[in-house]
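Subject: Structure handover

Hello,

Here is the structure I promised to pass on. Please open it first, then read my notes below.

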Amino acid sequence: MTRTVKRTLKLLLTAAGLVVVYFLFDRLTHTGFQFHYALGWLLFACLLFLVCFNWRKKLNFLPIGKAAVWAQIHYYLGLFALGLLLLHIDTVWPNGWFERLLFVSLMISLFSGVIGLLASRIYPPVLVKRGPQVIYERIPRYRREVRQQVENLLTDTVRETKRTSLADFYEAKLEPFLLSQQNFLHHAIDSPRPAHFWRREFQAIRNYLSEGEQEALDQIEQLVQRKINLDLNAALYQIMRYWLLIHIPFSYLTLVLAMTHGIQIEQYS
Amino acid sequence: MTEDNTPTQIKRPKKWDHAFSAEMAPDQVASLLEREPFVSMVPPSGDSGTDAKAEKVRGKIQDILLNESRLLNFEKDEVIVRQGDYGATAYFIVSGNVSVLFNVDKSALGRGQAPQKSLWAHVKRVLSNPSTPEARDPEQYDPAGATEERLQQGVFLQDVPRVIAAQKYDPDEMGPGEIFGEIGALSRSIRSATIIATCKTQLLEIKWQGLRDLLQVSKPFRESVDRVYRERSLRSHLLSLDLFQKLPESALQALVDGAEFVSVGKRDWNTNAGDTTPIVNEGDYASALLILRSGFAKKTKAYGHSEYTISYLSKGDVFGLDEMLGAYQGANTGNSYQNGIAALGYTDMISLPGSLCDKHLFPHLEAEALGVHINKPTSGDPLEDTKKNQLMDFFVDERFINGTETMLINLDRCTGCDDCVRACATNHDNNPRFIRHGKQFENIMVANACMHCADPVCMIGCPTGAIHRSENGEVVINDTTCIGCQTCANSCPYDNIRMVEIRDQKGHYILDEQMRPINKATKCDLCYDNPVSPACQNACPHDALRRVNLADEEAIKDWLK
Ligand code: SF4
Ligand code: SF4
């Protein structure tokens, strides 16, 4: 069975689950069963289970199932929870400030999750395609190495050619680029603009250089390519890692707010 | 509160700090030296010169036996070694007799369990892990407190008459002075037969390092082991292959007598891992059937001005059967090899000449038995399935085909979250046993993690036997007996063993008498004694990491889909 078929089946199952819950709870309403109240607690149970995934990752020394299976359950249960939420609020913007806070918190946690999921599906193949891939923690070191190599090349070229055009170009344009991570947003959408930009810059300066300088420029161009690739790796890894900094705190916040909301309802009903 | 900053000091670990058995006494060794085969290992004494030499050899053998061997007693029908298990020891028969059995039903053998920690013990250990990496209890390195590895004793062969009756040939018997288990021990391969005691039997079990040292010390012993090794391994090797299972005894014997050994390259192939040596060229006259005994060879097909790798051959694979059978059945295509083969570093083969096969093998084969062994039809065009062929080239060229538990990472799925690395560290002294980085072919990365090789060359030079195979085949390191000499790390062609400086539970480095840090070799042990095994694969939320046997092409294809 291909991944697409499996994914379609899981989506269908999630939708079927929602339909079953809807009709079951609706039918029970005639017997005095409180539809929204029950949905609320079911939603809370789902949220609780969703948060457990985070704990599963910390307790990976316990035989509690593969993380990949948990992840799949997490994705589809998240979707199921969104369906439950829409049923629970009757697809209407909540009216109390507390309920709105809860709703917004839940939405942030949900959409940050979706962004994380999309990033984890879209970016790895991009990194393979753009290769070579590097270990995230080593990027600052590689970046320093690139800058060092460019500077060594420049020193040698200036010494040999007695001309400073390349060094001026470095100081004016290249140095700021090589010093730190650049073009985060361009890389986030896998845009070729940084590469195009530097190609143009190199073309423009090439006409004013001597033969010896042009040779050095070829090598610098390759090093700039490497730097662009390092920036791409850094940007994509940062997104793939740091979305969790939003997702996890908001998931816990949602859980606490949902519990408070539940207790309030219990008290007033 | 003042912090205790005194470093922990221990004696630098040495070879033989931990004898194989604390119970092996000098008088037992002295009495063994009066028996065969040890008597013949010592050169005969005569004049003062030879006397001194004999004394020196005797002294060395004594040391080896004292530190590398132990005496074991077995009852009638007790299982000594099981076919298919890994073992790093050989056995000398001191008294009694043993019987050699092939293909005994597993249920009759009472197989051992992996030495798994209980869940509670595991959880306790993880939770009490000091926060610094590589912390150890220095007490464990105290030679006085050495604990002996226990042999799983008391497994008896069930229903002996039925098992004996099911044997195709009469079981071989061995008696005092003879040695067995040396093939598996020396060639780092699985036991090729099951051995049981046929009466009350006493054995001297010797670690393979001890056996290797004995072979170095005594030339006559070396020659006799070589001879026995050739005879026994040939017969048992043929018997382990389906192709030869239905032969009558006379035909099998004729094949054993007429077989030739072909060895290409050095046995310790890690020193020449990149070399390939042609064994057969495509188009050569098909004069013999070749069976791989150990090592690896790549099977190639000419294309244009070059050639490409179709597949590789490993232990037990047969080459040239199509062609030989073609010739036997009178087909025109049957007289030249359709592919070439080249040894990858080192290859050990059995060559059965065509005339011998025509007379003693082919007439006894049944049609369906032939089908199983005929080389798979090969594509004539490498461009037909370019990715598959290039992937095969990558695995073969980099020698990854040796891996039985290779860590593959599908980079199209890996997000670099490092959950796998953290899971490994949690299970292993707060320090991961692999690096999530390695050689890459398109979206497939072979990470730097021990592959638990079919031929683990890292084990070759270990002076203490600390690096060994567990009963289930994982290559593991005994931290207590590792002396940190780095031989294994230098021998691993894949750079998958790391030396670490160890600390005590307070986080201070453990030092020797000269205040130098104590090193230990570490590597992936496949979480062999943990309830969650392997932790890396279990922890990956994106199913991007798998431990795979590279021989299992289908499983790899399935996962990559
Ligand atoms: S470092 Fe390796 S070879 Fe040396 S004793 Fe330890 S396990 Fe054996
Ligand atoms: S856990 Fe999986 S996705 Fe994360 S770094 Fe390891 S292999 Fe990659």
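**The interface**

Between them, chain B and chain A bury about 2,300 Å², 54% of it on carbon and sulfur atoms. Buried area here is the accessible area (1.4 Å probe) that two parts lose on being put together, summed over both. On the chain B side, B:Thr415, B:Asn538 and B:Pro541 lose the most area to chain A, together 20% of what that side buries. The contact (heavy atoms within 4.5 Å) takes 32 residues from chain B and 26 residues from chain A.

This is a predicted model: local features need pLDDT of at least 70, side-chain atom pairs count only at pLDDT 80 or more, and totals for chains, interfaces and linings use all residues. Residues are numbered from 1 along each chain as its sequence is written, chains are lettered from A and ligands numbered from 1 in the order in which they are written, and side-chain values use heavy atoms, with hydrogens and water left out.

Two salt bridges cross the interface of chain B and chain A. The term means a side-chain nitrogen of Lys or Arg within 4 Å of a carboxyl oxygen of Asp or Glu. A:Lys57 forms a salt bridge with B:Asp419, with the closest N and O atoms 3.5 Å apart.

**The ligands**

Ligand 1 has 14 residues around it. B:Cys462, B:Cys482, B:Cys485, B:Gln486 and B:Cys488 come nearest.

**Rings in chain A**

Ring pairs link A:Phe169, A:Phe177, A:Phe197, A:Trp198 and A:Phe202 into a cluster. Rings of Phe, Tyr and Trp (its six-membered ring) pair if their centres lie within 6.5 Å; planes under 30 degrees apart count as stacked, over 60 as edge-to-face and the rest as tilted. The charged end of A:Lys227 sits over the ring of A:Phe177, 4.2 Å from its centre. A:Arg226 has its charged end over the ring of A:Tyr142, 5.1 Å from its centre. "Over" requires NZ of Lys or CZ of Arg within 6 Å of the ring centre and within 35 degrees of the ring normal.

Best wishes

Terms used. A residue is near a molecule or strand if one of its heavy atoms lies within 4 Å of it.
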